[in-house]
Amino acid sequence: MAETIAVVDYGMGNLRSVAKALSHVAPKSTVQVSSEASVIKNADRVVFPGQGAARDCMKHLRSYELQDVVADAFYNKPFLGICMGLQVLFEHSEENAGIPCLGLVQGDVRGFIKDPDRPHCKIPHMGWNNVQQVAAHPLWHNIADGAHFYFVHSYYVAPELAQWNAGETDYLNRFTCVIARDNVFATQFHPEKSADDGLQLLHNFAHWKLT
Amino acid sequence: MALAKRLIPCLDVDAGRVVKGVNFVDIVDAGDPVEAAKRYGDAGADELTFLDITASNDNRDTIIDVVEAVAAQVFIPLTVGGGIRSVADIRRLLNAGADKVGINTAAVTNPQLVREASDHFGNQCIVVAIDAKSVETPEGSPERFEIFTHGGRKPTGLDAVAWAVKMAESGAGELLLTSMDRDGTKIGFNLPLTRAVAEAVDIPVIASGGVGNLQHLCDGITEGGADAVLAASIFHFGEYTIGEAKAAMHQAGIEVRQ
């Protein structure tokens, strides 16, 4: 039977691009954009995207009653977080005067602070920046260390444990832009908007075999 | 290693078809927005901008089909501008697959729209397009730039730099600054205008209008202080490729994605 990839839809942003990019790299898989807990629970792989503010993301996750099923996927199957789908995995975000998040990864989410010595570093961090691969991972397959990916964000994650760290970027400060462990990979950048390297990453995810 | 400066080809779309020609050697249908977008994407464009110039209201919805078709096959950020007047217009374009929308005339006639749109969708997807020209000032007084609407025909009396600051404060995430006095001239951006706006705001500025060669693209960034450069005709008519432009920018010491 064909594999299914569920894209978690909790009303935070347009998921068409993510779904189209996944279908593009995994034509044999069934990509389902869904708010249904049962669909997400039964999927072979789960993509957890998200755009917007931390407060709204958490509010929507609660109102869609998807916290448990997202946590279940996070512990049990190939799981790809994107942008806010990375940030809300953490314990706490500074955004919106402080928001408790899912707490699946120890650490917090911090806002960029403008640096008068680097006036050209505007906030949000928007555009193509280099990603240093600081840990080997199957999802980096065929992607050059230092490749450019497309970012749009004003907050960044700070994991407590260094072993979560799989990718770093320099902008105002050096920050973790990818976390990875076991079955989990989550990116601050948007692979679905990052041209060939982004598609390669999604391809690697869609074909990732857990060992 | 730093945030790359962006190179953005712009395609004019009329009733769902690319106009003004896209001259790729082996392109089958130059008017097909998907084919043109794919070529630019494959060539290394950092983003794409579609400008909907459809005049007839009957054909307005064709841009939605274009965005859907392009977004299904081109995986770089996509901006759509032209004729946007309401939050509902913006929602439809974003739902169709656009990542950002460009608001031009509507921002002048209804500045509240920028605030509303930014509150609804986040400032990262709201690009305010500013069309400006240098205007005559008495001898000895500083240079002045004024906003024009309706394709550069209608003066507004608004000072371009003050307007740029106001738009940034209203929630614009980026400014697409077109040197109207240079558009189509191929003599380069209005660099004093570009620099004045880029220095006045702390959101990214995309320079547009007047590009005739690769040095002009570089100047927009190194002299004008822009974060991105947009061009249409030099790419459409095959004078230069995206790759050549990126190479020239790199050569000029500009960080680019290659």
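## Two chains and their contact

The side chains of A:Lys193 and B:Asp99 come together in a salt bridge, 2.8 Å from N to O; the term covers a side-chain nitrogen of Lys or Arg within 4 Å of a carboxyl oxygen of Asp or Glu. This is a predicted model, in which local features need pLDDT of at least 70 and side-chain atom pairs count only at pLDDT 80 or more, while totals for chains, interfaces and linings use all residues. Residues are numbered from 1 along each chain as its sequence is written, chains are lettered from A in the order in which they are written, and side-chain values use heavy atoms, leaving out hydrogens and water.

Let us stay at the interface. Across the interface of chain B and chain A, the rule finds three salt bridges. Chain B brings 33 residues to the contact and chain A brings 26 residues, where contact means heavy atoms within 4.5 Å. About 2,500 Å² is buried between the two chains, with carbon and sulfur atoms giving 57%; this is the accessible area (1.4 Å probe) that two parts lose on being put together, summed over both.

The largest nonpolar core has 79 residues, and B:Val128 is among the members that touch the most others. Such a core is a set of buried Ala, Val, Leu, Ile, Met, Phe, Trp, Tyr and Cys residues joined through side-chain atoms within 4.5 Å. Leaving aside residues up to four places away in sequence, B:Val128 touches B:Ile103, B:Met167 and B:Leu175, among others. A second, separate core of 38 residues includes A:Leu15 and A:Phe151. In soluble globular proteins, nonpolar side chains tend to be buried together.

B:Thr178 sits in strand β9 (residues 174–179) of chain B; strands (E, at least two residues) and helices (H or I, at least four) are DSSP runs, numbered from the N terminus. B:Thr178 counts as buried because its relative accessibility is 9%; buried means under 20% relative accessible area, exposed over 50%, and partly exposed in between (1.4 Å probe, protein chains only).

| Residue | Phi | Relative accessibility |
|---|---|---|
| A:Ala97 | about 65 degrees | 82%, exposed |
| B:Lys186 | near 65 degrees | 35%, partly exposed |

A:Ala97 is in the loop between β5 (90–93) and β6 (99–100) of chain A, and B:Lys186 lies in the loop between β9 and α7 (191–200) of chain B. The peptide bond from A:Ile123 to A:Pro124 is cis, with omega near 5 degrees. Most residues other than glycine have a negative phi, and most peptide bonds are trans.
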